[in-house]
Each structure stands twice: as structure tokens, then as C-alpha cells.
Amino acid sequence: MPSSPQAGPSRLKQQRTDDSDLGVASTRSVVRDEKVWFDDGNVVVCAAARDGGDGLLYGFRCHASVLAARSPVLKARLELAGADDDMLDGARCIDLNDAWEDVRDLMRMLYGFMSIAFERRCNDTVALIAGSLRLATKYEMDDILLRLVPLLERDWPSRYTEWQRGEVELRRRHEEQKAAARSNNIPFVPDAQQDPAAVVQVAQQARIRSVLPAAFYELCRRDIGDGTAHRPLDASRLSRDDFQRITIGRERIAAAARRLFVDELDRSLLNDRLPLANGERCLRAGQNERNRQPACCRPLYAWWHEVAGRGTPYFSPKDPFVAVTRACAFLLTRDGAGGSLVQVQACATCRRALARLMHAQAQKLWDGLPQVFELNALPI
Ligand SMILES: [Zn+2]
């Protein structure tokens, strides 16, 4: 996908019809990039369009000193360059065996022509930075990687608390946009989110392992092949290995969710024990029940059994984190707010303790995602 629509190939093809846009050299001609073409540049970096394209070479007239300062690989390449190199208007030509679209994005990033949206999981982000990430990895351009990798890591964090924060922010943005559309009496069109398949693809190409657990998890909870304008998913970006990881991952997540959120929580509640913090005491415990909370554990067990009980749709094994977050929010609602069974029959201390325990179990499941998807086996 061209990452800068205003400068797609068609525009450049049109430029070619104008002779002034063609650099003329003894051995070659190139289509000049409309941004990165400096008269005082001493090197023309050349690349061809992806998949053969139109057969044209696209050139970027830039500075050898800038390339060498940013990339040890390009520095070595420039040092190797000799008298045999093609020349173009007095500048040496350096051919890169990379897709023009990627080279374009990298060069524009290098010279500060690329601006990136900072909204979380904005669809444009991956399209804008994928080419630069691929090439910055290949040419060991640490400065560019240091700028771009955190953008992906923010959107696809490896820490559970960060993931949750992102989910809350996305939901809030969605609701705000919906409310704004309603009050302006216009149809609600949500912003497109990032395609997790595109993230999985570029993360493997650019060896950014840290974003893969979250991106694979997102793929697991989505219906592959069922992308929408709001939540795009281009399955053609996924390899056979990726599909296997998703299939196995779903089974393992469901099994882990049953173990962590049903079996282990059941055991705790059936034994009348919840992990109370220092100084906390069940508000309904009798004098002789200092270390046990039967008065609260039993109604909590009944409630959770109903919520997470086998076969109920509320607790989705495909997306357990959402279900647990919802259950924790319910447990932490103020006394009597909903007048529900659990609020009436279990004390605030024990409800808080159960919510803490659920959060800790969710954290365990999240931290296990690299194993769930066997990411250590990836050759990256
Ligand atoms: Zn209690």
C-alpha cells in the first residue's frame, strides 16, 4: 500500500511526461522524488516500484554524509562505491534493492517530511511507518527505529495494564464520536482502527517481537476474513504460520481462561478464601472466621458461577480480558448501586478482593501470550 497517497505512482508517471522531471545522464534516467531531491545532494538513491511496477527507477537526490551518519550499512555501501557507478547530473547513483514505496517513506522520514498521527491505534500509523521500519531495520538506522518502534509499542503494548488503558481510551473515543454524531444529527462513521494483520506482518519484517503478543491476541478475538471499514483486517498479509498461531492460540487462550478464571477462582471461593490485603477484614465475617469469609465467598461463588458458568455467553473464552474487566467493574460498583445479588450479599472488602484476584489472573494470562503463540520459535 503506498503510504503517502498524495505522491502515488500515477502522479510520478505523469511527471515523467514532462522532460524537466527526468534527470538525464549518460546511462540512466530516474523519476525525481517531489520532496527528497536536493540540488546540492551528491548521491542519488534509486529504487524500483514494488512488484515490478512500471519499470521506472525512482530517485532521491540526497547527501552521502546524511546517509552515512544514519546507517552503518549505507556508509559501507557508499565507501565501496567507485568510479564504475552511474552518475546523474554530477551525483553518484546508488541502487537499493528495495521497493520504491519503502525507500520513499524512509527518505522522507530521514529528511523530516513525514508526519505521523499520534492517536492510538490510528489506521494510518502502520501504513505510514511500515516501509521505514522495514528499511531502518535492514540498514541498521537506530535513530529511526528509536522514533518509530515506540509508536507501535504504544498501540500494541506488551504490558497488560497498558493494553487495558488502550482499550479504555478506544472505547471512550468511540463513544465520544458517537455522541458527537448524534448531537450533530449526522451518521456515525467510526475512525478506522489499525489492521492487526498489518502489524503482525511488519513486526516480523522489522523484528519487533514486543508488539506481537497483543497483535496476535487481537487477531484471535476477531473473525479472520471479516474486516470492515472500521476494523480492517487484510488476511492476505498473514502467513500460514501466522494462521496456525491464531488457531492454536485461540484454543490455548480458551483453555487458560477456563483454568485461571473458572477452576482456580472456583477453588478459592469454594474454600471460603479470598486474598485480603494487610489490615483488610471481611465485613461479614464472624468472630471465629478471621481467616475465612464464608458469608461473602458463597454468594460470590454463586454469582461468578452464573456469570462464568460453562456455556454462558457472557464470559467469552475468545476474549476473556473484556469479560473479566467487565466483571471487575461490576464488583467494584458502589454498594447497592445496582441492587444485585452480589452487591447485596457480599461485602465491599471481599468484592474488592475478588476483583484483585481476577485482575491478577488476567495478568498471568496476558504475560503467557508469548508462549501461547510460540513467539520464541519465530526466526526474528
Ligand atoms: Zn466479606
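At what angle do helix α12 and helix α14 pack, and how far apart are their axes?

## The α12 and α14 pair

Helix α12 (residues 320-331) packs with helix α14 (residues 348-367) at about 165°, and their axes are 9 Å apart. Axes are lines fitted to C-alpha atoms, for helices over the stretch in contact, and angles run from 0 to 180 degrees between N-to-C directions. The two helices are therefore roughly antiparallel to each other, a label given to angles over 145 degrees. The crossing of α12 past α14 is left-handed, meaning that the near helix is turned anticlockwise from the far one by less than a right angle.

On the α12 side, the residues that meet α14 are P320, F321, V324, A327, C328 and L331; on the α14 side they are R351, L354, A355, M358, H359, A362 and L365. By class, this contact has eleven nonpolar residues, one polar and one charged. Ala, Val, Leu, Ile, Met, Phe, Trp, Tyr, Cys and Pro count as nonpolar, Asp, Glu, Lys and Arg as charged, and the others, Gly among them, as polar.

## Model and overall make-up

This is a predicted model, in which local features need pLDDT of at least 70 and side-chain atom pairs count only at pLDDT 80 or more, while totals for chains, interfaces and linings use all residues. Residues are numbered from 1 along each chain as its sequence is written.

The protein has 15 helices and five strands; these are DSSP runs numbered from the N terminus, helices being H or I of at least four residues and strands E of at least two. Of the 380 residues, 33% are buried (20 or more other C-beta atoms within 10 Å of the residue's own, with C-beta atoms placed from the backbone). Among contacts (C-beta atoms, placed from the backbone, within 7 Å) with a separation of 6 or more, 68% join residues 24 or more positions apart.

## The sheet

The five strands form an open, mixed sheet in the order β1-β3-β2-β5-β4, where pairing requires at least two DSSP bridges between two strands. β1 (31-37) and β4 (87-88) are at the edges with a single partner strand each, so one side of each has no neighbour in the sheet.

Strand β2 (residues 43-48) pairs with β5 (residues 91-99) in the parallel sense over five bridges, and V44 has C93 in β5 as its bridge partner. Helix α4 (residues 100-110) lies across β1, β2, β3 (57-62) and β5, at about 120° to β5.

## Helix α8

Eight of the ten residues of α8 (residues 196-205) are buried: P196, A197, A198, V199, V200, Q201, V202 and A203. These pack against α5 (123-138), α6 (142-155), α9 (212-220) and α10 (240-270). Just after α8, R207 has a positive phi of about 55°.

How values were computed. Two residues are in contact if their C-beta atoms, placed from the backbone, lie within 7 Å. A residue is buried if 20 or more other C-beta atoms lie within 10 Å of its own, exposed if 12 or fewer, and partly exposed in between; C-beta atoms are placed from the backbone. Angles under 35 degrees count as roughly parallel, over 145 as roughly antiparallel, 65 to 115 as roughly perpendicular and the rest as oblique.
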